[in-house]
Amino acid sequence: MVQLSNDCFAFGGEMMAVDAALALLAERVQPVTGSERVALVEAQGRILAEPVVAPFSVPPHDNSAVDGYAVFFDDLNPAGETVLPVTARVAAGHPLGRDGQRGEAVRIFTGAPMPGGFDTVFMQEDCRLEGDRVVLPAGLKRGANRRFAGEDIARGATVLQAGRRLRPEDIGLLASLGLREVAVRRPLRVAVFSTGDEVREPGSALPTGCVYDANRFALMAALSRLGCAVTDLGILADRFDVIRQSLAEAAGSHDALITSGGMSTGEEDHVKAAVEANGRLDFWRLAIKPGRPVALGRVGEAVFVGLPGNPVAVMVTFLRVARPILLRLMGAAEPDPVLFAVRAGFTAKKKAGRREYVRATLTRGEDGLLTAVKHPRDGAGILSSLVESDGFVELPEEVTKVEPGMTVAYLPFSEVR
Ligand SMILES: Nc1nc2c(c(=O)[nH]1)N[C@H]1C(S)=C(S)[C@@H](COP(=O)(O)OP(=O)(O)OC[C@H]3O[C@@H](n4cnc5c(N)ncnc54)[C@H](O)[C@@H]3O)O[C@H]1N2
Ligand code: MOO
């Protein structure tokens, strides 16, 4: 595997564009996981390992869409009411056991199998009973209220493709095919570290100059939501040998390692060197704000993702860089998140050549259009600004200013769960 030019890694050198980094990882990161069979109740959020082919049609038989009366359309008087004897009753789960006969109507219920021959069902509200006969109005179309066998799923059809991250409706569909289990990729094993002498465990004392570890908890929560098997490897001191050894140990039993902090260029930032001592870096600095010092590499066989220390930069780079890497590793064939065109409700200036993420919420203007309102605070350490936002406005590399009323691309956090 070819390493990139050293220029990318030199401080002050070229920063890689976000799209270039994502293209590189698509080429370099291959799915690593095996598969296992799990019960449907466990399958939510898991990645389908094989395509699912329908073993039979759903629904398996023609059936009624309403409670009412099944008839032969050709028995109906096109000009006025039709009166037919009601000769039988067909409830859901209780087939009639014979075909329908011309000149009869049968009482039928929603989901009940249509006896052969009947092609049309009247809703009971439209009918009148007179003794054991039903009076049917004119005007219904042939085939009304009849559901066809296989109209949902045809036997032999591929209903779900491998790589699908299973959603609740997918699981319902698998159950409708009579399946109790499904083959999914085994969960990705991800180890999470924080780095920094100032970073302390929540619940412990907080000496002067220290901060509680926010990043590790945010990352572990994001990884769990992605369906990863997360190992919490705590906080590493700002020491090259500690970081190098901890990464090397974790690499033996994990598919991916994620760190935050220590990625920059200060003397106390050792993560980059520690990775290079046991592996390699594919990129180090991205043209992204917040989050410039973000790295992808390998330690042993494990994929290494190094995120910056500032908590907002952590979330931006997790969602836009780490998450696609992890999904690819997991074997997910996930479409890219959808960004929505909305109106900017703010003014901003930015440098050309880097992609910026502006924390924002949406409001609806008097004309009904959605407007992105920028959060008033934008420091990379202001985690409360993320909590008070619902998404990011993504400003592309070439943009240098935003004026109110411009169309901008909005990425709701709900798109990147
Ligand atoms: N001379 C330069 N200084 C900095 C540069 C630069 O290019 N030249 N880049 C800045 C940018 S951009 C960022 S982002 C930060 C990231 O640097 P590091 O990845 O080395 O992060 P740290 O220095 O370790 O920490 C930054 C900041 O975040 C706090 N932090 C760290 N870990 C946690 C955690 N787990 N929970 C909560 N907060 C955390 C840490 O205390 C620092 O305040 O560097 C800039 N500097
Ligand atoms: O990533 Mo840094 O957080 O851009 O400030």
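Angles under 35 degrees count as roughly parallel, over 145 as roughly antiparallel, 65 to 115 as roughly perpendicular and the rest as oblique. The model on screen is predicted, so that local features need pLDDT of at least 70 and side-chain atom pairs count only at pLDDT 80 or more, while totals for chains, interfaces and linings use all residues. Residues are numbered from 1 along each chain as its sequence is written, and chains are lettered from A and ligands numbered from 1 in the order in which they are written.

On the α1 side the contact (C-beta atoms, placed from the backbone, within 7 Å) is made by Val18, Ala21, Leu22, Leu25 and Ala26, and on the α6 side by Arg320, Val321, Pro324, Ile325 and Arg328.

Next, select helix α3, residues 215–225, which packs against α6 at an angle of about 20°, with the axes 10 Å apart; α3 and α6 are therefore also roughly parallel to each other. Here Asn215, Ala218, Leu219 and Ala222 of α3 meet Pro311, Val314, Met315 and Phe318 of α6.

Finally, select Leu257, which, leaving aside neighbours within four places in sequence, is in contact with Ala191, Leu247, Ala250, Ala251, Val299, Ala302 and Phe304.

Definitions and conventions. Two residues are in contact if their C-beta atoms, placed from the backbone, lie within 7 Å. Helices (H or I, at least four residues) and strands (E, at least two) are DSSP runs, numbered from the N terminus. Axes are lines fitted to C-alpha atoms, for helices over the stretch in contact, and angles run from 0 to 180 degrees between N-to-C directions.
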